[in-house]
Amino acid sequence: MLHRSRSLQALPKGNRWRSYSEKSSQPPFVTPISSHSYINDDILSLISKQNIANHLEELGPYPSYSRILTPQHFFQNEVLMNYSKKKPHPVSLRQLAGYGKALTKQKILASANFVRLELPIRLAMRIRDLQTLPFGVVNNFHLAQIYESYYHSFNAFRKISNITTRAENEKFCEDISNLLDQHVFNLSHLMMGALEVSILESLPQPELDAFMSSMLRSRISRRVIVEEHLSLTEIYRKHPYQRKPSDYIGEIFHQCNAAEHFRMVYELIKDSSVEAFSQRDLMPDLVIEGDTSLSFPFMVPHLHYLFGEILRNSLEATIKTHGHTNRKLPPIRITIIDSKKSATFRISDQGGGISHDKLKSIWSFGKSPDHARKSLANFHSLPDLQMYSNLQVTPAGSSIIQPSEKLQGTSVAETSPETKKSTLDRLIKRNYRYKLGLGLPMCKVYADYWNGNLSMNSIEGYGSDTCLELSKLSYHSNVIQLDRA
């Protein structure tokens, strides 16, 4: 896989250097090139041009910073091809939860070996998807970071031998926990990659949406499988042979009171919006109606991200429409509807609404070049954004799994899923200035993954109704969701 530096990803097609192989009667470079002549001032006005020019040495088929994309990578890829032909094992939440209802040593070891065998197959499938993308997409800097991260994990997992003892499982849990921390930056790179692809218009919108959905669903499945095993191991370590109730679906799924979590997330969103509207007391109240006692099992980071992005949009629209006054802003109303198979939430605001021609595009990862450039600039302004991977390999090319205490800014000391760093959590708490433009498309994928749905109705000039439906996982636990490898 070839690669170009990040600085060239935002260049208009007309400004990119022509290939030596292109048939033309003129030499490849027909005009003198100054140190900055390839930079479009309108696009890169916020970025140091000299800093970009310093990265020109990274141009070439094998980036200078990469330990994976080396001249040997093409020949090593045969191993991956063999794994990509294998089929992932279908698994449901009920099957995963079955391990946790009455834990034994044999069940813990079986769970460990399932993770050990399953992850290389699922990673190989996604790596192969990346390899088959058009050249102008696969060599994107951000997607290249994901490629390296996935290949690093693939190499590490496929070399782990059969786990037969509790001590071996403890070491395995430490390794997969560290890998989760090392790869916490992948979600940001995936989103930024989509924005740069939109800037260059190098992939049709339906294909970009399909690619992003596939990558996100696979990411969710892998992390659920890993975090479930970490949780089972921790439970067995503390409470061996403890029995769970019949409706149990796993420790990583918490019983969530919907109204409480809406209030919790809304306070975070208001805190992040004070710079936009300093009179916090005049911000819209959150009025919650309907089945306010509804409680259901769900993954808290996913639930908070869904609630947070929807509330952020409603609050921002309300401030933009009514924030010029010194009066209390119109409330945001939430109606909770509890049904047998699902929980439905209607979030209503008076934020001026969205035109019907724009409603069709809010669910797509493909944005207009201008919109994508603004969102990408906001991404680069996010504090603690990790641009380069911290992955290490031996001189022979074997992946090294780093101890968590050696990681910078992305690690924790414990292996419990309760303590893992979450990109979603960081996105929820981001300052209002960082408008990334991909919140609703991301939310729609997360809702769809858990057999739910996200839709919006709008009255232009008045406000919007956003409807989030989430299936009750305990009811649908026999659905094979985790086969979305």
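Predicted model: local features only at pLDDT ≥ 70, side-chain atom pairs only at ≥ 80, totals over all residues.
Modeller: Let's start with a definition: helices are DSSP runs of H or I with at least four residues, strands are DSSP runs of E with at least two, and both are numbered from the N terminus.

Biologist: What makes the backbone of glutamate 201 worth a look?

Modeller: Its phi is positive, about 50°, although glutamate 201 is not a glycine. Most residues other than glycine have a negative phi.

Biologist: Where else is there a positive phi in a residue other than glycine?

Modeller: At asparagine 451, where phi is near 60°. Asparagine 451 follows α15, in the loop that leads from α15 (439-449) to β8.

Biologist: Why is asparagine 451 called partly exposed?

Modeller: Buried is under 20%, exposed is over 50%, and partly exposed lies in between. Asparagine 451 has a relative accessible area of 25%, so it falls in the partly exposed class.

Biologist: What makes you say that α15 is mostly covered?

Modeller: Nine of the eleven residues of α15 are buried. Among them are Leu440, Met442, Val445 and Tyr449. The buried residues of α15 pack against α8, α9, α11, α14 (423-428), β8 and β9.

Biologist: Let's follow β8. Why is methionine 456 called buried?

Modeller: The cut-off for buried is under 20%, and methionine 456 has 13% relative accessibility, so it counts as buried. Methionine 456 belongs to strand β8, residues 453-459.

Biologist: Which residues is methionine 456 in contact with, leaving aside its neighbours within four places in sequence?

Modeller: Its contacts include Ile354, Leu359, Leu440 and Thr466. Trp363 is also one of them. Methionine 456 and tryptophan 363 are 93 residues apart along the chain, and their C-alpha atoms are separated by 9.9 Å.

Biologist: How do you know that 9.9 Å and a contact can go together?

Modeller: The 9.9 Å is taken between C-alpha atoms, whereas contact means heavy atoms within 4.5 Å.

Biologist: Now serine 355: why is it called buried?

Modeller: Serine 355 has 14% relative accessibility, and buried means under 20%, so serine 355 counts as buried. Serine 355 lies in the loop between β5 (342-348) and α12 (356-359).

Biologist: How do you know that the side chains of serine 355 and aspartate 357 make a polar contact?

Modeller: A polar contact needs a pair of N or O atoms within 3.5 Å. The side chains of serine 355 and aspartate 357 are joined at 2.5 Å, so this pair meets the distance cut-off.

Biologist: On to the sheet. Which strands form the open sheet, and in what order?

Modeller: The order is β2-β4-β5-β9-β8, with mixed pairing.

Biologist: Why are β2 and β8 said to stand at the edges?

Modeller: Each has a single partner strand, so one side of β2 (286-290) and one side of β8 are left without a neighbour in the sheet.

Biologist: How do you know that β2 and β4 pair?

Modeller: Pairing takes at least two bridges, and five bridges join β2 to β4 (residues 332-338), so the two strands pair. They run parallel. Glycine 290 has isoleucine 336 in β4 as its bridge partner.

Conventions:
Residues numbered from 1 in each chain as written. Heavy atoms only, no water. Buried < 20%, exposed > 50% of the residue type's maximum accessible area, 1.4 Å probe, protein only. Polar contact = N/O pair within 3.5 Å; in protein donor to acceptor, adjacent residues only side chain to side chain.
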